[in-house]
Amino acid sequence: MTSILLVGCGKMGGALLSGWRANGAADSFVIVEPNKQSIPNIGGNSNITFVQDFAGIPSTFLPDAIVMAVKPQAMNDVVPAYTGLATSALTLSIAAGTPISFFEALFGTSASIVRAMPNTPAAIGRGMSVLCANTSTTDNQKKLAEILMQAAGAVEWIADENLMDAVTALSGSGPAYVFHLIEAMASAGEALGLKPELAAKAALQTVAGAGELARLSSETPSVLRQNVTSPGGTTAAALDVLMAEDGLRALMERAMTAARDRGRELGAG
Ligand SMILES: NC(=O)c1ccc[n+]([C@@H]2O[C@H](COP(=O)([O-])OP(=O)(O)OC[C@H]3O[C@@H](n4cnc5c(N)ncnc54)[C@H](OP(=O)(O)O)[C@@H]3O)[C@@H](O)[C@H]2O)c1
């Protein structure tokens with residue numbers, strides 16, 4: 001029997017809960033959520049109990065994992081109440097920019113803490129989460145953290161928490177780069193004379209279709225690119241611009257370095 005305490009059932013907590021319900025990740029859930037509008041309709045599911053605050057948690061409920069899914073700026077107010085439960089449970093935090101040391105300062109270094117960085121496609125079960133555990137986390141607890149985050153999509157681990165800012169710059173902030181790519185392709189299509197509706201649809205469908213093709217293919221993105229690039233053809237003409245020395249790769253490196261550095265600044269307070 002696995003029991004989960006979810007603290008915060010907003011966009012990300014709610015997405016995780018619907019994934020857990022679909023994949024049977026745990027047997028019983030208590031969800032702490034003060035905002036009635038965030039509480040999903042769970043029908044007559046008796047394995048899930050919603051409470052409004054910490055005081056509402058049944059005293060007999062001893063979770064295997066506490067999933068912290070409140071806004072980072074609320075962590076200082078919310079987390080200390082869970083110190084008693086956190087001594088025997090895994091704490092899995094998805095709060096951006098909140099380091100493992102924040103929890104260790106409250107719960108002690110013998111408490112098991114996993115910090116996860118998911119991204120927005122988690123809402124449709126297609127996210128990317130990168131996890132980092134402290135040394136007190138057991139292998140079984142790491143497995144549980146992995147199962148819980150797999151409800152939101154793919155999961156990988158890093159050993160060095162300092163790399164979390166790089167992860168944030170890549171997969172955490174990355175969906176916005178792709179949304180902007182769609183915008184940029186659509187406006188370039190308009191500049192070439194296409195109607196806005198057609199340009200928007202063609203850009204969205206091209207990015208979504210190419211992403212899905214890359215995901216499902218056994219070939220690398222490089223090979224897929226080469227496969228659709230005839231020498232001297234139209235794609236090659238565009239790639240000559242995009243792959244120039246000051247092209248997309250250099251621009252992406254600059255953009256992601258800025259994101260990584262901003263993450264470091266925010267983390268330093
Ligand atoms: N959304 C993303 O794409 C994303 C990506 C990566 C990481 N994250 C992380 O995920 C966490 C949650 O983000 P979100 O976008 O899901 O935020 P959200 O939609 O605002 O959800 C947070 C929920 O927690 C509730 N809450 C506030 N105080 C609480 C308390 N004392 N106890 C229990 N619940 C409480 C909020 O209620 P009220 O509405 O009443 O305040 C809200 O429903 C954040 O730490 C964020 O950094 C999010």
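Visitor: Where do I start: which residues have the most contacts inside the largest nonpolar core?
Guide: L6, V67 and L148 do, in a core of 52 residues. A nonpolar core here is a set of buried Ala, Val, Leu, Ile, Met, Phe, Trp, Tyr and Cys residues joined through C-beta atoms within 7 Å. Buried means that 20 or more other C-beta atoms lie within 10 Å of a residue's own, with C-beta atoms placed from the backbone.

Visitor: And which helix gives the largest share of this core?
Guide: That's helix α1, residues 11-23, with five residues. Helices are DSSP runs (H or I, at least four residues), strands are E runs of at least two, and both are numbered from the N terminus.

Visitor: What kind of model is this?
Guide: It's a predicted one, where local features need pLDDT of at least 70 and side-chain atom pairs count only at pLDDT 80 or more, while totals for chains, interfaces and linings use all residues. Residues are numbered from 1 along each chain as its sequence is written.

Visitor: Back to L6, what does L6 touch?
Guide: Leaving out residues up to four places away in sequence, L6 touches G13, L17, F29, I31, V67 and A69. Touching means the C-beta atoms, placed from the backbone, lie within 7 Å.

Visitor: New topic: which residues come nearest the ligand?
Guide: G8, G10, M12, N35 and A95, out of 25 residues around the ligand. To be near, a residue needs its C-beta atom, placed from the backbone, within 6 Å. Helix α1 turns up here too, giving the shell its largest share, three residues.

Visitor: How many strands are in the sheet, and in what order?
Guide: Eight, in an open sheet that runs β3-β2-β1-β4-β5-β6-β7-β8 with mixed pairing. Two strands pair if DSSP finds at least two bridges between them. At the edges, pairing on one side only, are β3 (48-51) and β8 (153-157).

Visitor: In what sense do β6 and β7 pair?
Guide: Antiparallel, over four bridges, between residues 112-117 of β6 and 127-133 of β7. R115 stands opposite C132 in β7.

Visitor: What lies across those strands?
Guide: Helix α4 (residues 100-107) lies across β5 (90-93), β6 and β7, running at about 155° to β6. Such angles run from 0 to 180 degrees between N-to-C directions, using axes fitted to C-alpha atoms, for helices over the stretch in contact.

Visitor: How many helices does the chain have?
Guide: Eleven, along with eight strands.

Key. A residue is buried if 20 or more other C-beta atoms lie within 10 Å of its own, exposed if 12 or fewer, and partly exposed in between; C-beta atoms are placed from the backbone. Two residues are in contact if their C-beta atoms, placed from the backbone, lie within 7 Å.
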